[in-house]
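Subject: A structure to look through

Dear colleague,

I am passing on a structure that I would like you to open beside this message.

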Amino acid sequence: MVLMMSRTLSRGCTALCVGGGGGGGGRTGIRPIASSLLSSRTTVMQQTSEATRELEKTVQEQLSSIDNADALDQTTELFTNTVANRPWEALFTSLAASETFRSSVWAKETIKMDQVPAFDSFVTDCFTMSDIERHVEEYPSSYAAQGALSPDGNGGWFMKRVGTAQAADAPTKFADLQKSLTEGTCVLNSAGAYISPLATVSLAVLEALQLPVGLNLYITAPNMQTSAPPHTDKQDVFVLQAQGSKHWRVYNPPPPPKKGEGNPFL
């Protein structure tokens, strides 16, 4: 399940992927989707589904009743348990409380929600390049990566190191990030565990769904032809377009590979 909240054009952008994409600094590639599956086994998401419209109405009503000011500026609130009154908590709580979401969407369908005006008040421009420049040194350089197409030509994606720092705990430098962005999308896996404002979003999902969560930050420069190749994630993902815009193409997941019959613990 992917919850899409985005604009569709092709400017540079930052995107928050909540629940997706591997833990801190893993270098394993993303499993590519075979081209035959893209054409014969997948279907572009249905944006006009009844379930999507119902969820959009539910979320909009919930968000309209709270204060959206300074949605990510909540360091004090994180320790006083008042973050629940803020829009991130309201967003994910309203989804978790929805029977439609739980029974028809979660782990079953891909939906795109673009008819929720309240998103503009706290999702749009919630974490920009200026914020990245301000906070990027909170993130270990050993985990910062830049995506590149697999050299074997099979369509996969692998991660290259951002910067040349040797120490595992050395901070990521904004200049190194900018340099890597000229070559492809940069990925800060588990950014919610290191970058303080993004912890707000992670905590909101954790409190609402009572499930483990990881928040990754994806950064793409303007005029980049491809942000990431077609691929499939193994977990449910919420995608929020935080700044800029790009064209998203989202498919229903391909069938899972055949599982082995042996005991994996032997």
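Phe 119 and Phe 122 sit 3 residues apart in helix α6, and are therefore separated by about one helical turn. In an α-helix there are 3.6 residues a turn, so residues three or four places apart point the same way. The ring centres of Phe 119 and Phe 122 are 6.5 Å apart and their planes stand at 70°, so this pair is edge-to-face. Both Phe 119 and Phe 122 are buried. Please keep in mind throughout that this is a predicted model.

To set these residues in context, the protein chain has 9 helices and 8 strands, and buried residues make up 45% of its 266 residues. Of the contacts in the chain with a separation of 6 or more, 83% are between residues 24 or more positions apart.

The aromatic residues deserve a careful look, as a search of the whole structure finds 9 aromatic pairs. In one of them, the rings of Trp 88 and Phe 122 have centres 4.9 Å apart and planes at 85°, so the pair is edge-to-face. This pair links distant parts of the chain, because Trp 88 belongs to helix α4 and Phe 122 to helix α6 (residues 119–122), 34 residues apart. Trp 88 has a relative accessible area of 0% and is buried, while Phe 122, at 3% relative accessibility, counts as buried as well. Elsewhere, ring pairs join Phe 92, Phe 101, Trp 106 and Phe 238 into a cluster.

Which residues have the most contacts inside the largest nonpolar core? That core has 46 residues, and the ones with the most contacts inside it are Leu 63, Trp 88, Leu 91, Phe 92 and Phe 119. Helix α4 (residues 87–96) gives this core its largest share, 6 residues. Another core, of 8 residues, lies apart from it and includes Cys 17, Trp 157, Tyr 218 and Val 237. Helix α4 itself is mostly covered, with 9 of its 10 residues buried, among them Glu 89 and Ser 94.

Asn 189, in the loop between β6 (186–188) and α9 (199–209), has a relative accessible area of 7%, and because buried means under 20%, Asn 189 is buried. A polar contact of 3.1 Å joins its side chain to that of Asn 216. Lys 246, finally, lies over the face of Trp 248, at 4.5 Å from the ring centre.

With best wishes

Key
Residues are numbered from 1 along each chain as its sequence is written. This is a predicted model: local features need pLDDT of at least 70, side-chain atom pairs count only at pLDDT 80 or more; totals for chains, interfaces and linings use all residues. Side-chain values use heavy atoms; hydrogens and water are left out. Helices (H or I, at least four residues) and strands (E, at least two) are DSSP runs, numbered from the N terminus. Buried means under 20% relative accessible area, exposed over 50%, partly exposed in between (1.4 Å probe, protein chains only). A polar contact is a pair of N or O atoms within 3.5 Å; within protein, one must be able to donate a hydrogen and the other to accept it, and residues adjacent in sequence count only if both atoms are side-chain atoms. A nonpolar core is a set of buried Ala, Val, Leu, Ile, Met, Phe, Trp, Tyr and Cys residues joined through side-chain atoms within 4.5 Å. Contact means heavy atoms within 4.5 Å. Rings of Phe, Tyr and Trp (its six-membered ring) pair if their centres lie within 6.5 Å; planes under 30 degrees apart count as stacked, over 60 as edge-to-face and the rest as tilted. A charge sits over a ring if NZ of Lys or CZ of Arg is within 6 Å of the ring centre and within 35 degrees of the ring normal.
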